Amino acid sequence: MEYNFSEIEAKWQEYWEQNQTYKTEIDVKKPKYYVLDMFPYPSGAGLHVGHPLGYIASDIYSRYKRLQGFNVLHPMGYDAYGLPAEQYAIQTGQHPAVTTAANITRYREQLDKIGFCYDWGREIRTSEPDYYHWTQWAFIQMFNHYFDTKLQKAMPVELLVQHLENNGTNGINAHGTEELDFSAAEWKLKTEKEQQDILLNYRIAYLADLKVNWCPALGTVLANDEVSEGLSIRGGHPVEQKMMRQWSLRVSAYAQRLLDGLSKIDWTDSLKETQKNWIGRSEGAEMTFRLKGKDVSFDIFTTRADTIYGVTFMVLAPESELVDVCTIPKQATEVQHYLEATKKRTERERIADRRITGVFTGSYAINPVSGTEIPVWISDYVLAGYGTGAIMAVPGHDSRDYAFARHFNLPIIPLIEGCDITEESFDAKEGIMMNSGFLNGLTVKEAIEKTKEYVEETGIGKIKVNYRLRDAIFSRQRYWGEPFPVYYKDDMPYMLDESKLPLVLPEVDKFLPTEKGEPPLGRAKNWQTEDGFPLELCTMPGFAGSSAYYLRYMDPKNDKALVSKEANAYWRNVDLYIGGTEHATGHLIYSRFWNKFLFDLGLVCEDEPFKKLINQGMIQGRSNFVYRIKETAPLNSPKGGKSTPVFVSYNLKDQYETTPIHVDVNIVYNDQLDIERFKNWNPEYKNAEFILEEGKYICGWAIEKMSKSMFNVVNPDDIVEKYGADTLRLYEMFLGPLEQSKPWDTNGIDGVHRFLKRLWALFYKDGELLLNNEQPDADELKILHKTIKKVTFDIENFSFNTSVSAFMICLNELSALKCNKRAILEPLVILLAPFAPHIAEELYHILGNTGTVFDADFPVCNEAFLVESTVKYPISFNGKVRFTLELPADMDKAEIEKTTLENENTQKQLNGASIKKVIVVPGKIVNIVI
RNA sequence: GCCCGGAUGGUGGAAUGGUAGACACGAAGGACUUAAAAUCCUUUGGCCUCACGGCUGUGCGGGUUCAAGUCCCGCUUCGGGUACCA
């Protein structure tokens, strides 16, 4: 019997489905373990060989945990809303629901071939009404809550209304967009519309006029994490700043908790660091500056209050409300010109061209500490969105201020003894203060503390913590997303009653904005409530559906709640989450925020959604090249030339002038081109000629991104077809450490395929079953248990590449011993089952078992079999190993030293030299220093 | 600029401070075969040597240590993240 992988794999995949092997239910008798993959957006291109990397790793871990007796939740679903399907719909008129469904079918086929242990009974799709019901529901809760800064948690808005009725804004602890100030009496005098407008300032989901990232090409607003360097992440279209009334989520209120939570979770340091930077906590002081000659004062934020004596000018952001106040009539025209010029520059232009620009307002502020008068300027290097939109400029010790001062010839004062500021500012927080009044002689660190105290005591300011984290803009002017459960009355937003959920996405005739420029939902017929109030026209962004999907998997069919109390109490949170780093500042922040919000409401029992997180590395492509000799370019080329292209093999190409051309990696084997297939690959090369080396055409190669245009995309289906799913799974793991980025190179897959064939050969040879029931000897037991120990350790550490090599070593050793013993092979098969489930099932049955191998117990290492009676000591001289010496394992240090020194090889090496020192590490090494 | 990772044979990669290159690919040689595939065996970091063996070697330069790919300091370089964040 041969190793017929296609037959075996089809057979077991069918068995698993028929027997519901991976169906998961709550079982309080067993400990739970929740393994989650980041669910995919089902794109039209299907899966390439890089996509399943993380899925294979999580699948191995899930199966391993199950074999160890855990009740493992391992679900999968689809992030089904998204821009590409809608862009495609705009171009073709094809409804995004149709293309999305087709893509999902394709994904499912591809995933099924790899043999994953997902419980497909729990599948979710974010675009299904019974799923987005709960996305809409969560939004309503966010609208109905505010963030209490003292309790550091979400509280019902009714409590806030009570407070406003009794005390106005006095003593209020609500995180707000703006600081408001009114009395209880004033509150009561306001109209309902005015009151609603004020409440929007505090709600966690709120509507506000914001400066947003507007992408004209996509016709929508984008969140900060969807924009990079002024271009949209999806599609790379230019993004501009625009004021718009938009829904937002008050993520910034949770900044401190999002930061604190990082210390409780097992994520990589680099990912935590990325989130820390994104949250961007900075401690400093907010100080008040008075304007000279006017009864106006304004606040600035600084982390370097200690440099207050070095302030030589102030700078306002162009968008700041203070611009009007500060600008004197004489400067008005100039300021106006500057503001207009700034407005015209897009974010992208500002990044590309960092000119120093600015304009003087004509006003002077007064330094609250030194009393000095300092000019107030306007410049776009100060951002309206951070701090107070105004800064005190200390050119001596801030490089941006320095550049500005140099450009406009403003004074620069050094504040640190001995610092050189002739060429650049001295930004480091070190040294002894000077020119700084009461701070002179202190170190910078002392000065920072002293200034803080001073600021608090004198009341010229207060200690303040600022965060870089912005609220998440939640409106998208697109069709293919969750509708908001929102209607408008008198221009104010109101939530639909929860009984009206889900609010189903309506049909539209086209997926484009209306003539009036409204979002596509403006085309929907009867898009209004029963009472005739208009419904919201925007839809929710991509991250809406992915923020709480891990909760829904716990209880996917529940139509009363997102997740039942008992399902949540059992499954709690994700024990292991595997996915890419690209979600570090998007999904992984939003999910944590969303979960914390639900936690505050008492709806989920864990404060953090993902306990342990592993980022699998990117699989890069490995492209192949052929080299066309230049003068053999096609006839229609400007240079003319021969009509038949001539290609020269890699190692001979330097003898010619050549053009490298990407060639499909699927017609290249071990860098050798299949010439016949190449000729058929592109009609242009039908009659091509080849200059070969040693009868072969060898291709060049390069590591590039895996993409269609580079012809380096490898489809997992092709690999499964040719080698089987088990080989694919083993090979993906064998490529290298899970977290490292590495190129896919199909060369080398033969190694793991041979491994499986040789494993098979321990059971069958020439159609004869070799399996026997003989007692294993000590050597065989040692090989087995050594492997159990190594593989268990490696799985626990997610070092799957080394576990595959441990299996290979084990097999090499067993093959050498011609071991066909059941007592050895049966545990080995179970050990291998998480990695290569199909062949393991088959062999498990050949061993005479029934049912599934995944109901077996994972083998446990018995250390007794690993005990060695002797140790081979490397004997080194001055650190260089010269020979080895086999000594009894229980020999003590003194004895080892004595035996070593008496050894004739030692005497030979010493050659009469005197010994300075002998280091003996029992069980390890002997080093003789001469 | 700042933060985080890397850098080891022709290639992917192993290596709790203790014999660097496990395991695999590729390559070379051999066996089997009419031939090919498949399979099996041998060799495979570099240099010197018929050989025994020796020298050298983990991006570069220092250091700590009996002993450094591994720890420390200073660079080079590649990848990722992030940015007029005051």
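These notes cover salt bridges, a charged surface patch and two further residues in a predicted model.

1. Salt bridges number 44 in the model. One of them pairs the side chains of Lys23 and Glu25, at 3.6 Å from N to O. Lys23 is partly exposed at 48% relative accessible area, and Glu25 is partly exposed at 47%.

2. Glu684 and Arg628 form a salt bridge at 3.7 Å, N to O. Glu684 sits in the loop between α20 (675–681) and β27 (689–691) and Arg628 in strand β22 (residues 619–629), so this pair ties together parts 56 residues apart in sequence. Glu684 is partly exposed, with a relative accessible area of 43%, whereas Arg628 is buried at 14%.

3. A further salt bridge joins Lys786 to Glu813, at 3.0 Å from N to O. Because Lys786 belongs to helix α24 (residues 778–796) and Glu813 to helix α25 (residues 800–816), the pair links parts 27 residues apart in sequence. Elsewhere, shared partners connect salt bridges into one network of Arg257, Lys264, Arg592, Lys596, Asp600, Asp607 and Glu608.

4. A surface patch of negative charge is made up of Asp420, Glu423, Glu424 and Asp427. Glu424 lies in the loop between α14 (399–408) and α15 (444–458). Its relative accessibility is 55%, so Glu424 counts as exposed.

5. Thr514 is in the loop between β19 (492–495) and α16 (542–546). Its relative accessible area of 11% makes Thr514 buried. Beyond neighbours within four places in sequence, Thr514 contacts Pro519, Gly522 and Arg523.

6. Gln241 is part of strand β9 (residues 240–249) and is partly exposed, at 29% relative accessibility. The C-alpha atoms of Gln241 and Leu210 are 9.6 Å apart, with a sequence separation of 31 residues.

Methods:
Residues numbered from 1 in each chain as written. Chains lettered and ligands numbered in written order. Predicted model: local features only at pLDDT ≥ 70, side-chain atom pairs only at ≥ 80, totals over all residues. Heavy atoms only, no water. Patch = residues over 30% accessible without salt bridge, like charges linked within 9 Å, V, L, I, M, F, W, Y side chains within 5 Å. Areas by Shrake-Rupley, 256 points an atom, 1.4 Å probe, with all protein chains shown as cover. Salt bridge = Lys/Arg side-chain N within 4 Å of Asp/Glu carboxyl O. Lys, Arg positive; Asp, Glu negative; His and termini not counted. Charge placed at Lys NZ, Arg CZ, Asp CG, Glu CD. Helix = DSSP H or I, 4+ residues; strand = E, 2+ residues; numbered from the N terminus. Buried < 20%, exposed > 50% of the residue type's maximum accessible area, 1.4 Å probe, protein only. Contact = heavy atoms within 4.5 Å.
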